[in-house]
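Dear colleague,

Please find the structure below. My notes on it follow.

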Amino acid sequence: MVGVLVVLEGMDSFVLLCLLGLPMLGAVILLFVPAGALKVVKVVAVTVSFVVAVLAIYIFVSFDETAGAVQFQKIYRWLPLPGPWGAGDNAITLSLGVDGVGATMVLLTGIVMLTGTLISWNVSEATKDFFILYFVLLAGVFGVFITFDLFFFFLFYELSVLPMYLLIGKWGSTSQFKGFARTKEYSAMKLTLVLVAGSVLIWIAIIAIFFQAGIGTFSILEIQEVSNSAFSPTFQNIFFPLLMVGFGILAGLWPFHTWSPDGHVAAPTAVSMVHAGVLMKLGAFGIIRVGLVLMPIGAETWMPLLIVLGAVNVIYGAVSAMGQTDLKYVIGYSSVSHMGYVLMGIATLNVLGMSGAVLQMFSHGIMTALFFAVAGMIYDRTHTRDTLVLEGMAKRMGVISVLFTVAGLTSLGLPGMSGFVAELLVFLGVFQSYGILGTVLGSLAVVGAALTAIYILRLLSKVFFGPTPAMWESQTDSGSRELLAAGILVAIIFSVGLWPFPYIEVIESGVNPILAMIPGAR
Amino acid sequence: MNDFALLIPEFLVAGLAFFILALDLFLKENWKQYLAWVGFVGVVAILVISLFVESEGQLYDGLLEFDEFTKFFRIFFLVIAAVAVVISREYVESKLKYPGEYYGILLFTLLGAMLLASSAELLTAYINLELLSFGLYVLVGYERYNAKSNEAAVKYILLGAFSSALILFGISQIYGILGTTRFDEMSVAFSALPSIYPGLAVGFVLIVSGLGFKLAAVPFHMWAPDVYEGAPLPITAWLSVASKAAALALAMRLFAEGFFTVFGEWQPIIIVIAASTMVVGNLLALVQKNMKRLLAYSSIGHMGYLLMGLAALVPIVGDGTTTEKFSNLVSNGLLFHMVSYGFTSMAAFLCVIVVYNKTGRDDISGLAGLSKRQPLVSLVLVSALFSMAGLPVFVGFASKFYLFNAVGGQGLLWLVGLAIVMSLISLYYYLMVARQLYIESSEDGSPISVSFPTKVVLGGLFGVMIVLGVYPAPLMAAIQRATDAIVSGNLLSLV
């Protein structure tokens, strides 16, 4: 391990490029592996995922939180742009770097990627194609977290949507309800179109930002410097909502969240893990990285709306989750509910709330990945996710039940686990902001956490603990590979819950400069 | 003194066409399949030669203008023609008679397209446009015993002749008032006019209608789906790329040089045509069941995006005067998207041709389960469709972003918004095809074999789509040189 770190030390300036390039390289290598050679496919998949996870951990560990700012920076010229700013002088650049927020998200993605690969070991149909698309998806996700250039930000944002249709449509599963079926094709199409509709708004806003700034660059850091003079308050008030809603759609913002439960339920396990765990965070991340940074005045104007919508997310998601009888739909709606905390935290515009939001992004990512992994394990064995049929699984699936319990308790915010720290910070932030409105919404958020406890505990008592009917007597418990994947996630949940300060310091070093830009930040 | 060295590539193309026609007379029936290779090698040789020949100057007192713009289009047409010849090979062998005439006429249309890009005068442009169109009339009806092919040919000839007449009438109007048909003299004459006469407006509208027909722009698009469906598939591919790119080349030169000074008068017309073209093309594509018709409507949609670029070529500032603030950005975006559309179209058509050659089906449901039967074709087709939808990392993303961004900078943000929404709608029908390819399975699961040359072309087009999407800088450098030739600062002095 020490040896690896020494090697990494020497390539600090390329480490982000590797993070971006390795999943792509993995996809290209897999393209040339014969489809029949399953062993080779799996070895390549695990090797690439492992190396990427190590890189992600390295980036997070060696991120210097006292220095803050953007680290590991590297800028490549990509395409010259002619125009009134002088022909050839300016260009679209691939501008790589991470700040405190980005580093945390990179760590999250690396972990979820590795565990997702381990979980999808037994994808039996077209395994090679599955991993190609999976790697393309993750290259897009990493790209969004580490670029400081609007063009590439948008490119990677779209890249992470592109493989979803095929991943869900081909390897997904159809849900049967009493009167109707939610086919995987329907869910895949809905998810893809709704997410791309979100990027329509983002695209328009990016074009407007580019020309209003008038300096011939898409670099966020450079536009940020002129944003005060170039973007009038009116301009910001008009275009910030485009970004807020556009990114909000991916973050599961109510009332645009309906793609998310359908999509997450239909998706294969690893894709649900990545999508709910990481991809939804792209939306929240986009609001921070593009919206808050480039249009601080617009953000101030519109944040009261976002905090209200976030509160609706929390309550609406929790209430919807209570009514579900499909294990994955429960988790899907709980994601909508938990993303509400993230949106509320961002909308507080204060250090506590924002840090809480970012920590919640991280914590929820790990927790949901664990949730979906366990749901996948149960489905692999029982071939049903119906909570009315599943009963007393703890007897035969002791380990799986413990894993689900850990995820569930994290979800309802039990102290000692990551969810508690993150949600506490968000609550404090919300109570500090917006006077009476903040108090009311903060109380609602706490009520939301209580509602979470209701549906999670009910699920635990019904599905896992209780008498085991004869039909579930012959089940097997988790295998060592599944246990390894889930164990990594559980370890992280406890490490954040018991000793959150290393994480919070990194996050705050990223959040503080952003808040410093906003005139009325509290 | 005319320097005929400028025309070497055109002479060579004409020579090659005659050579193939003549060779056809002496070849035995079973040797005629090699005519495609003669054509391919010839076109590639001309391509190499045209990279090195002198390319700056004028011929016939300025009727033909040779500059970097000409060179760019010349090379683009030659590359596309080389691809078109190769993808015709198996189709012609199995479905058509008289390969000699087929390749000969194909090369004559190539000649017309190349000359059109260098035309700097209205009547010369008209003649070259006819050279291009007449060859296409014949080729569209080449499947003699196929009723649809005949129907397509008749529709294409009648409407094509009508649109040619419109263009001619428009030219006569403009000549009658301005006294010149040369682009450079036209812009001078325009700025000397005290006001825009109604006759000029009529002439302009007629020319735009004629060009709109060639570009299949709404409301002159009605012929496109039927002709696309009826024509032999390789000709559909060639028609959808070459003839449209040629008309676009003419339109760019005409608007940037001839109509530059009075562009504000015409811009609203182009905007309306562009908006309706992309809306109609993309909405009608939603309900298509046939792959050729789907691609026809999707290409109409793409013409809408390109026309949007044409409308923004010369921006109008607040007081109605023209400025060339971002016009280089727009013209670059236009050419970039045209190249991107050209290659992705060829790739998509090639995939359809391969499937049609083996299974005889060109409807969308005929593609079901292709990912199992022929993974390579399926991969290339889905990449081409994603590229057309504007998804990364394919070239379609970069070119759409560049073009839309540039047009947005000209104050047409609402039009760009419409284009982006239409691009979202297009994603739906492209995904429906992707669904057939990867998710549905077919009753007939037998593998489809692909010949080695076809595999090479498929791989090549796939590579082009990725490479241009990831690293477009060299292409953009060439495009920059081309647009510098027509969007130059000296025109601004006329405003």
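A residue counts as buried if 20 or more other C-beta atoms lie within 10 Å of its own, as exposed if 12 or fewer do, and as partly exposed in between, with C-beta atoms placed from the backbone. By that rule, 61% of the 495 residues of chain B are buried.

This is a predicted model, in which local features need pLDDT of at least 70 and side-chain atom pairs count only at pLDDT 80 or more, while totals for chains, interfaces and linings use all residues. Residues are numbered from 1 along each chain as its sequence is written, and chains are lettered from A and ligands numbered from 1 in the order in which they are written.

On confidence, the model has ipTM 0.88 and pTM 0.90. For chain B, the mean pLDDT (the predictor's confidence in each residue, from 0 to 100) is 86, and 95% of its residues reach 70 or more.

Chain B has 19 helices and 2 strands; these are DSSP runs numbered from the N terminus, helices being H or I of at least four residues and strands E of at least two. Along the principal axes, its C-alpha atoms fill a box of roughly 70 × 50 × 40 Å.

Next, the interface. Two residues are in contact if their C-beta atoms, placed from the backbone, lie within 7 Å. On that basis 32 residues of chain B are in contact with 27 residues of chain A. Helix 17 of chain B gives the most to this side of chain B, with 12 residues.

In chain A, helix 11 (residues 259–266) is largely enclosed by the rest of the structure, because 8 of its 8 residues are buried. The buried residues, among them A:Trp259 and A:Ala266, pack against several elements of chain A, including helix 7 (164–171), helix 8 (184–213) and helix 12 (269–294).

Helix 8 of chain A holds A:Ala188, which counts as buried because it has 26 C-beta neighbours inside 10 Å. Leaving aside neighbours within four places in sequence, the contacts of A:Ala188 include A:Met164, A:Ile168 and A:Ala266. A:Met164 is 24 residues away along the chain, and its C-alpha atom is separated from that of A:Ala188 by 7.1 Å.

Regards
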